[in-house]
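Student: I have a model open and want to learn to read it. Where do we start?

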Amino acid sequence: FFVLDCVLSHPTLLSFCCPPRRMSKPPAPAAAPGDAPEELWRHCTCVKEVSGAVPSPRSDCTAVVVDDGTARTLLVFGGHLAPSGGAATAELYEYRFDTKTWTLAPPGPGPKPCARFGHSAVVFAGSPPSPSVMVVFGGCAGVGQLLGDTWALTVSAGSRSWSSVPPQGEAPSPRQGHACAKTGPETMLVHGGFDGEQRLSDLFEYNNATQKWRLVQARGLCPSPRDGHTLTVIGDTAYLFGGYSLARVSDLFAYSLGTETWVKLPALPGAPGGRFGHSAVAVGTVLCILHGFDGNTESPAVFEYDTVAGKWRTVEFSGDALEGRCYNSLTFLDAEKKALSFGGWNGKSYLNTLWEYEFMEPADRDPKAKKKAG
């Protein structure tokens, strides 16, 4: 059973029995002004013209966006580097949006987190000159080396400094592959994961202001133990999708942040099949599920769930052909309606490409429509 768990918890081992598949999506039809949210325009671009110290290929890393008052950057931390052997890294890379330049952040003084993959990271944004804080939890340092520590990276103009957060309150046990989401200006949730022996179903809240953890005694029909799933906040609800439990699962749960209650949503036509290692973002009231391992291949497919209409659909992107992958990082830029993906595993090798997914209103891409709408 231990060998089976290792295979199912790591994308590299899955590749030996799952050959990759490439799919090219035709351009999406143009949307007219006034279309419903599900008819937003989608466009995908592989960002090729980058410079500087580009990170080496990796999977299971995290990425967040910060603004320190001098530049807006994408911070990529940690990850799994080698196709076998459990090689992890503690590297911190920065990608500047204005110059399209990568840099490897210097180590700096003081304590730092150890190398890891399968961790989580959330940024609590400050308004410059107030610093932003990236909170990192858990992960795996190598075979059998599960982590339950919490770290804070304080980001201000020209400064990046790590500090260890002592465990306070009811802190989660060591784990990897858990789902994590920011739920408020100073709070985040952590659900499930894999502790080296079994998959978990517990739910914790972390308060960045007090640096305390709380075990949430959630009500309702709770999700089964799992890892490799996603947790995405839309309004006052967190949506949990997929992952690996006793098998790949495709269930969708809604968690009320106000009442701390789980509800399992009904299975609907058009929903993704069971998958894990996928990623997810919220675009307004739409939940977008991207890629993941579907049991046959690292999937290039993208699905959307309209939380208002209660409907699933498969979406198509114009631009560069989508590449199947799993265990990539993903972050969303609300102002630009753009998701950024870095790294991952495509069934043959680890990746170090940066992708942009645009989710645009018709008025955003048509100046005439935008002027008319205004």
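Tutor: Start with surface. Accessible areas come from the Shrake-Rupley method with a 1.4 Å probe; for residues, only the protein chains shown count as cover. Here the protein chain has an accessible surface of about 15,700 Å², and carbon and sulfur atoms hold 56% of that. The model is predicted: local features need pLDDT of at least 70, side-chain atom pairs count only at pLDDT 80 or more, and totals for chains, interfaces and linings use all residues. Residues are numbered from 1 along each chain as its sequence is written, and side-chain values use heavy atoms, with hydrogens and water left out.

Student: How many helices and strands are in the protein chain?

Tutor: Both are DSSP runs, numbered from the N terminus: helices are H or I with at least four residues, strands are E with at least two. This chain has four helices and 27 strands.

Student: What percentage of the residues is buried?

Tutor: Buried means under 20% relative accessible area, exposed means over 50%, and partly exposed lies in between (1.4 Å probe, protein chains only). Of the 374 residues, 54% are buried.

Student: Why is strand 21 largely enclosed by the rest of the structure?

Tutor: In a regular strand, side chains alternate between the two faces of the sheet. Check both faces. In strand 21, V286, C288 and L290 are buried on one side, L287 and I289 on the other. Five of the five residues (286–290) are buried, so strand 21 is largely enclosed.

Student: Which strands pair with it?

Tutor: Pairing needs at least two DSSP bridges between two strands. Strand 20 (residues 279–283) pairs antiparallel with strand 21 over five bridges. Strand 22 (residues 302–306) also runs antiparallel to strand 21, joined by five bridges. Take L290: S279 stands opposite L290, and V302 in strand 22 is its bridge partner. The hairpin of strands 20 and 21 has two residues between the strands, and G284 there takes a positive phi near 65°.

Student: Now a loop residue. What does V54 touch?

Tutor: Contact means heavy atoms within 4.5 Å. V54 lies in the loop between strand 2 (51–52) and strand 3 (62–67). Leaving out residues up to four places away in sequence, V54 touches Y93, W102 and N352. Its C-alpha is 9.1 Å from that of T353, 299 residues apart along the chain. V54 counts as partly exposed because its relative accessibility is 34%.

Student: Is E323 buried or exposed?

Tutor: Buried, at 16% relative accessibility. E323 sits in the loop between strand 24 (318–319) and strand 25 (329–333).
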